[in-house]
Amino acid sequence: MPKDELENIVLTCFKNKVFFTKDDLVMYYSNNGIILTDEAFRSKLYRWRKKNIIHDIGTGKYVINNKSSFIPEPDKFIKKIHTLFSSRFDEVDYCIWSTSWLANYMHHVPFQSFYVLETERDICESAFYHLKDNGINAYYEIDSKQIEKYVLPEDDSIIIRPLITRAPCKKLENISYASIEKILVDIFCDQDIFYLYSGREQQWIFENILKAYNINFSTLLTYAERRKRDKELRSFLLTNFNESVKNII
């Protein structure tokens, strides 16, 4: 059988599986008389990732990519914040996102939303004053009552927060955004800040995002571990979405 034809059969075979591993792939090729070396395996993964055929959902676990990738929605305000921040703090780690990105995955959509800018801890206060001096509704070291009183009533409000080291972020058009895994962990861990996205709404968000996108659960739980909440998040996922996450996490 030609290799290209066999590869198409392999992809079709694994398409409906929850996930597959290296051993699954090696065994399939072996049953068809082909020895898949480590180098050949890595080459296939590289090529399939590049073509967006597969997605990593955990360490050593892959899925045929039949879902969309989460793509941030850059707007004029985000671009403005990026320009202001980068002009003062070049080569400083940061990421930005908007709570409005969660609206499509909620049951009761809040009328208000806000932006979040996270950067290195010793930069936060300087970044706050820099944005304030440039006419931005920026807030730092704020609690839920202050969010309700000051942040939500204003358009284009942004909260400055310390960035956890090695937080999962992605770049698009040279702007660093929070990945979907980071957003999910943050709304789970920081319910004082993201209280509009807690409780039953949080379950709706997780459920709808898990249906819509391929999530890298290794990235998700590693970041949750850095936030010291991985056990709670794992329990939350298994309790509410066992069919989606069993044998993966």
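Guide: One term before we start: a crossing is left-handed if the near helix is turned anticlockwise from the far one by less than a right angle, and right-handed if clockwise. Also, keep in mind that this is a predicted model.
Visitor: Okay, so which hand is the crossing of H4 and H5?
Guide: H4 and H5 cross in a right-handed way. Helix H4 covers residues 76-88 and helix H5 covers residues 124-133, and they pack at an angle of about 125° with their axes 10 Å apart. Angles over 145 count as roughly antiparallel and 65 to 115 as roughly perpendicular, so H4 is oblique to H5.
Visitor: Which residues make the contact?
Guide: On the H4 side they are Ile81, Leu84, Phe85, Ser87 and Arg88, and H5 brings Ala127, His130 and Leu131. By type, that contact has five nonpolar residues, two polar and one charged.
Visitor: Switching topic: is arginine 161 buried or exposed?
Guide: Arginine 161 counts as buried, because its relative accessibility is 12% and the cut-off for buried is under 20%. You'll find arginine 161 in strand E6, residues 157-162.
Visitor: What does its side chain make a polar contact with?
Guide: The side chain of aspartate 190, at 2.7 Å. Beyond its neighbours within four places in sequence, arginine 161 also touches several residues, including Val116, Cys124 and Arg227.
Visitor: And where is cysteine 95?
Guide: Cysteine 95 is in strand E3, residues 94-98. With 1% relative accessibility, cysteine 95 counts as buried. Setting aside neighbours within four places in sequence, its contacts include Leu163, Cys169 and Tyr177.
Visitor: How far apart are cysteine 95 and lysine 228?
Guide: They are 133 residues apart in sequence, and 20 Å apart in space from C-alpha to C-alpha.

Note on methods: Residues numbered from 1 in each chain as written. Predicted model: local features only at pLDDT ≥ 70, side-chain atom pairs only at ≥ 80, totals over all residues. Heavy atoms only, no water. Axes fitted to C-alpha atoms, helices over the stretch in contact; angles between N-to-C directions. Helix = DSSP H or I, 4+ residues; strand = E, 2+ residues; numbered from the N terminus. Parallel < 35°, antiparallel > 145°, perpendicular 65-115°, else oblique. Contact = heavy atoms within 4.5 Å. Nonpolar A, V, L, I, M, F, W, Y, C, P; charged D, E, K, R; others polar. Buried < 20%, exposed > 50% of the residue type's maximum accessible area, 1.4 Å probe, protein only. Polar contact = N/O pair within 3.5 Å; in protein donor to acceptor, adjacent residues only side chain to side chain.
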